[in-house]
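Dear colleague,

Please find the structure below, followed by a short account of what was found in it.

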Amino acid sequence: MKITILGAAGGEVTGSAYLVETQQARLLVDCGLFQGGRRADDLNRSPFVASAAQLDAVLLTHAHLDHTGRLPLLAQAGFSGPIFATPATIEMTGLILRDSGKIQAQDAERANRKRLHADDAPFKPLYSVADVEKILLQLKPVPYVDLVSVAPGIHVRFIEAGHMLGSASIQLFVDDNGVRRQVVFSGDIGPKGALILRDAETFSHADMVFLESTYGDRDHRPFANTVDEFVEALKQAVAERGKVLVPTFAVGRAQLLTTLMAWIFRKKLVDPFPVFLDSPMAIEASRIYARHSELFDEEMVAFLKERPLAQDLTTMKMTATQEESKQINDVPGPCLVMAAAGMCNAGRILHHLRNNLAKAETHLIVVGFQSYGTLGRLLVDGAIEVTIFGQRIPVKARVHTLGGFSAHAGQSDLLSWFASLAPSKPRVVLTHGEDRARSALSSLLTQRHGLTPLLPALGETCEL
Ligand SMILES: [Zn+2]
């Protein structure tokens, strides 16, 4: 059998996709979008899998766009087979891909408005909303743990990965004309002890492992310390009657922070004050989380059993419409506003930043990774003035950068996840990591287990 790496390789973290081929079957594991800049755009538009219509199946580790965002291209190519995922991943994929389809259409419309004066060919969106709806009909639920047949000679088992609601690591049991092999795809692995979700589970045997390496070179600050810093920032804001702005990704981080606010109010660490979840997508994602309490860890179940979150969050408001969002301007501090985008490069957070960055009593709390070139990165790096909607804004607000709310395992957690697989001496392929991260993890795997991991290039094929 052979496995070709069609994304998240060569030092990239986006575009996760693998083509698995045996003598009897062909399937994809993940089908993610490349994200960030022109090169990503070019990669998304280049054909990535031959005869897509003849694939037997697709397996999804989780719903994030960098693992699902090229699925609608399969619909365009005529693929009509099953896409296997956990039930929660199916719901989240619907939310994320519909949003992606909408953004593609808006971007294309904007680009074409600019091009009307030139003689350029019209800009076509990568895919349409119809492609999205078509592919969503092909999603098939797979329960965790059960062994499921997905293609001729291939059974799979999904287990908890602790990274986002529904996330899984996948083990393939392949019978290729009598030759039996086990291949593990880690997917994205969550940190141990995070709020809400259960910790990642592990496997005991594999002939080959595809391991993510996002934070292969470092550990995060401990979660408890990050919570202390967060509470400290809230206390300052309350004392100064300032607004607390938190740029958040709609899925995952927003639900973590909502739960954390309930916990802070319940433990009386800070007296309740107004909290706004100012993102229609985050509001919908929160509903999906609430429907899947069967995936919560023991602490979360006990916390909810004590009393529902809503009883601690009587001061919280979900602002779905733009009108409601605008009204937040008139709410005096202290209050907390969670809004997308997570890197301050788009979305409603821009309006809140424009209106509040120049005030000394404002606190900006940055809880996620900020890519180079984004407004979020400029603010984290201490810019004294920024431009938002063409307007120059002096930055008087306090900026807090908190490192411990990551949805990814740090280096130690990755190593301990791999430890149970090490005795079976699998071949290890490190993906989904920048060069520094995957090299550091590779050296540690060599030191500890005597293995020589492969750091693949995009398009590289591994034979087994
Ligand atoms: Zn992810």
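Two residues are in contact if their C-beta atoms, placed from the backbone, lie within 7 Å. Helices (H or I, at least four residues) and strands (E, at least two) are DSSP runs, numbered from the N terminus. This is a predicted model, in which local features need pLDDT of at least 70, side-chain atom pairs count only at pLDDT 80 or more, and totals for chains, interfaces and linings use all residues. Residues are numbered from 1 along each chain as its sequence is written.

The chain holds 15 helices and 21 strands. Of its 464 residues, 45% are buried (20 or more other C-beta atoms within 10 Å of the residue's own; exposed means 12 or fewer, partly exposed in between).

In helix 14 (residues 411–419), the buried residues are D413, L414, W417 and F418. Down the helix axis they fall within an arc of 135° and so line one face of helix 14; the arc is that of the directions from the axis to the C-beta atoms. Their cover includes strand 11 (208–212) and helix 15 (435–449).

A nonpolar core is a set of buried Ala, Val, Leu, Ile, Met, Phe, Trp, Tyr and Cys residues joined through C-beta atoms within 7 Å. The largest has 121 residues, and Y18, L27, L59 and M338 have the most contacts inside it. Because domain 1 (2–218 + 407–463) and domain 2 (223–401) both give residues to this core, it lies between them; the domain bounds come from an automatic or database domain assignment. Leaving aside neighbours within four places in sequence, the contacts of L27 include L59, V150 and I154.

Yours sincerely
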